[in-house]
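Dear colleague,

Please find the structure below, handed over for your files.

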Amino acid sequence: MDVNSSPRVPGLQTIAAREAVLLAPWAMRSADSRGRKYPETEHPYRGPFQRDRDRVVHSSAFRRLSGKMQVFTGDMGDYHRTRLTHTHEVASIARTIGRALRLNEDLIEALALFHDIGHPPFGHAGEDALNSCLADCGGFSHNRYALTIAEELEIRYQSFPGLNLSHEVLESQATRVDKQAAGNSPLLEAQVVDVADSMTYDAHDTDDSVKLELVTIDELAEIPLIRETVGRVHQRFGTLRGDLLRKAVVHELIDRQVTDVLQTAGQVLSQRRFESADEARRSGYRMAPSGDLAEQKAELESFLYQRVYRHPRLVEVRRRAQDRLHAMFIGYCRRSALLPPEFRARAELVGIGRTVGEYLAGMTDRYCVQQYELYFA
């Protein structure tokens, strides 16, 4: 793609010139993009991945993320993360890593803001319920549903359906559907978003679980990664307690993970010296934390699963949410007249089951409860 083919604005640096100075050889360049399904004239001062980012941010599905739970529901207060705040934290950490590795920050930001746009209401409990409901027609994956949103469901332009995102953004999202699939590795920018996602939820689930008093810092310190993190905090700041300790631990936990990945990936990239983004993909390289940190993260995630995600307060929330979604799926399939007109039309194309699943997946937590109580309670 020639990103300089659009009308030039006098005095402004071109995207290609900027990237030539800032990006490493292994970064994905705008000029090398394979373009969009529906060709568009390039913008004079915004590169293709900047435009992708903006299209995601202005989409209805992105705005609805503010009403979708990450782990904890709105009934538990206002402090904890929603799916939207999680997404912004991933984008922030991913851009930090990408800048240090001289990767394409515009592409990283677009991918980070897009990566969870397909999550249904009530987090992974909602996804499990929809996957069960749609078992006879391919199941449900929030990563696959994100592509459906971007390519079919969002209607914001007269000339084409969907958001018409670049090939690189759509392909990178597709690699999240089956991370074990054979073939080339994802673009390094997509790998950065994946590692940032893992760092983010380890840190903010630790933070939220302590703030909501589901576990204590002392209980978390049974895990080596948290115990070491608390030790570094006390070494730097002396004895901290309460909220100050919790916040310092979260900050230190993020810093530890980012530093580790930068050191590990930076060493690999400097040694292997890929000459292009495509060469890096063909190499099979996968960005990951060092062996010791990976083991410690696995221990923390196992603790969070057992002591937080399976906490009785959350198990009951998940059970009610899944019961509602199952009832709503059956109800909408039987009473398709309750669907909005655009979804009734879509049912003619993809079937009533798939359409109802997509409709439910687009709901916020609050709207889902409202519709359940209105029609199916």
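What covers the buried residues of α18? The cover includes α15 (312-334) and α17 (352-361), where helices (H or I, at least four residues) are DSSP runs numbered from the N terminus. This is a predicted model, in which local features need pLDDT of at least 70 and side-chain atom pairs count only at pLDDT 80 or more, while totals for chains, interfaces and linings use all residues. Residues are numbered from 1 along each chain as its sequence is written, and side-chain values use heavy atoms, leaving out hydrogens and water.

Helix α18 spans residues 365-375, and D365, C368, V369, Q371 and Y372 are buried there (under 20% relative accessible area with a 1.4 Å probe, protein chains only; exposed means over 50%). Because these residues cover an arc of only 165 degrees around the axis, they lie on the same side of α18 (the arc is that of the directions from the helix axis to the C-beta atoms). The face turned away from that buried side carries the exposed residues R366, E373 and L374.

Among the 76 residues of the largest nonpolar core, M287, Y332 and L360 touch the most other members. Such a core is a set of buried Ala, Val, Leu, Ile, Met, Phe, Trp, Tyr and Cys residues joined through side-chain atoms within 4.5 Å. Leaving aside residues up to four places away in sequence, M287 touches L101, L188, Q191, V192, V195, V261 and A265 (contact means heavy atoms within 4.5 Å). A second, separate core has 26 residues, including A203, V233, L245 and V249.

With kind regards

Key
Helix = DSSP H or I, 4+ residues; strand = E, 2+ residues; numbered from the N terminus.
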